[in-house]
Amino acid sequence: VTYAMACLLWCHLQVLSEVFLPLLSKQVGVMDPASTGALGAAAGSAGTGSGRPRELLGNMQKYLAHIKQALQQLTGDMKLPMPAVTISSVAAACRDPDVIHTFEETVAEWSSTLSDVLQKETEKRVQGKGPLAEMDFWHARSALLSGLWEQLSVQAAADIIEVAEAGSDDRNLMAAFKGQMAELGKLVHEVSGYGTSGWRPVK
């Protein structure tokens with residue numbers, strides 16, 4: 001069942017990311033429905049009809065982030081996306097609107113992932129009874145949260161966050177992301193003592 005679900009999600013992800021997302025991105029950049037054919041015209045009319053094509057594109061990107069996260073959870077992997085952009089310096093990147101936009105989208109995707117993970121980890125309870133069930137719970141939580149924390153602590157991630165914070169107009173996004181990072185840090189600190197303190201009851 002898990003394999004079949006993963007296959008379905010993967011196919012869905014491919015169609016959205018390789019067909020519809022490029023069309024929507026082009027509509028936002030060009031705003032010319034005729035330049036992208038029938039599907040492009042449909043996407044363009046959907047966006048321009050509401051007067052907010054960027055919002056439509058943003059919602060599509062968030063939806064794709066949720067699909068990617070579901071796939072990662074099904075396959076036991078939680079890798080945060082990193083943009084294929086190399087910068088010479090943070091100062092130079094902060095003056096480049098294209099880089100700022102790319103990094104802002106990356107932080108938005110990270111934020112979506114963190115939001116879902118933090119909510120699920122807060123609600124998660126031990127499956128089973130006894131010390132072994134407790135140990136499995138804490139080991140799994142430690143691996144997931146520490147893995148995310150390590151990915152967000154590397155220099156490349158720090159540069160992305162710094163550029164997005166300096167150049168983004170979306171103050172709500174950055175505020176939410178900072179709050180999520182603070183919460184993630186608290187949970188990582190909580191599970192970091194597991195290896196030396198032994199198992200402990202889950203509150």
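Colleague: Great. What kind of model is it, and how many helices and strands does the protein chain have?

Modeller: It is a predicted model. The protein chain has 9 helices and 0 strands, so read along the sequence the pattern is α-α-α-α-α-α-α-α-α.

Colleague: And what share of the residues count as buried?

Modeller: Of the 203 residues in the protein chain, 35% count as buried. The chain exposes about 11,800 Å², and carbon and sulfur atoms supply 59% of that area.

Colleague: What about contacts between residues at least 6 apart in sequence: what percentage join residues at least 24 apart?

Modeller: In the protein chain that figure is 71%.

Colleague: Okay, on to helices. How far apart are the end C-alpha atoms of α6?

Modeller: They are 32 Å apart. Helix α6 covers residues 131-153, and its 23 residues should span 33 Å at 1.5 Å a residue, so the two values agree.

Colleague: Which residues of α6 are buried?

Modeller: Ala133, Glu134, Phe137, Trp138, Arg141, Leu145, Ser146, Leu148 and Leu152 are buried in α6.

Colleague: Let's take Leu152, then. What does Leu152 touch, leaving out residues up to four places away in sequence?

Modeller: Leu152 touches Leu80, Trp110, Leu114, Ala157, Ile161, Phe177, Met181 and Leu184. Its relative accessibility is 4%, and because buried means under 20%, Leu152 counts as buried.

Colleague: Nice. Now α7: what span should α7 have, and what does the model give?

Modeller: The 13 residues of α7 should span 18 Å at 1.5 Å a residue, and the end C-alpha atoms are 18 Å apart, so that agrees. The buried residues in α7 are Ala157, Asp159, Ile160, Ile161, Val163 and Ala164.

Colleague: Which helices do those buried residues pack against?

Modeller: The buried residues of α7 pack against α4 (90-93), α5 (97-123), α6 and α8.

Colleague: Tell me about α8. At what angle do the axes of α7 and α8 cross?

Modeller: They cross at roughly 145 degrees and come within 9 Å. The crossing is left-handed.

Colleague: Which residues meet there?

Modeller: From α7, Ile161, Ala164, Glu165 and Gly167 meet Arg171, Met174, Phe177 and Lys178 in α8. The residues of that contact divide into 4 nonpolar, 1 polar and 3 charged.

Colleague: Switching topic: is Gln180 buried or exposed?

Modeller: Gln180 counts as buried, because its relative accessibility is 12%. Gln180 is found in helix α8, residues 171-192.

Colleague: And which residues is Gln180 in contact with, leaving aside neighbours within four places in sequence?

Modeller: Gln180 is in contact with Ser111, Leu114, Ser115 and Leu118. Leu114 is also one of the residues that Leu152 touches.

Colleague: Last one: where is Ser112, and what does Ser112 touch?

Modeller: Ser112 is in helix α5. Not counting residues up to four places away in sequence, Ser112 touches Lys62, Ala65, His66 and Gln69. Ser112 counts as buried because its relative accessibility is 12%.

Notes. Residues numbered from 1 in each chain as written. Predicted model: local features only at pLDDT ≥ 70, side-chain atom pairs only at ≥ 80, totals over all residues. Heavy atoms only, no water. Helix = DSSP H or I, 4+ residues; strand = E, 2+ residues; numbered from the N terminus. Buried < 20%, exposed > 50% of the residue type's maximum accessible area, 1.4 Å probe, protein only. Contact = heavy atoms within 4.5 Å. Axes fitted to C-alpha atoms, helices over the stretch in contact; angles between N-to-C directions. Left-handed = near helix turned anticlockwise from the far one by under 90°. Nonpolar A, V, L, I, M, F, W, Y, C, P; charged D, E, K, R; others polar. Expected span 1.5 Å × (residues − 1). Areas by Shrake-Rupley, 256 points an atom, 1.4 Å probe, with all protein chains shown as cover.
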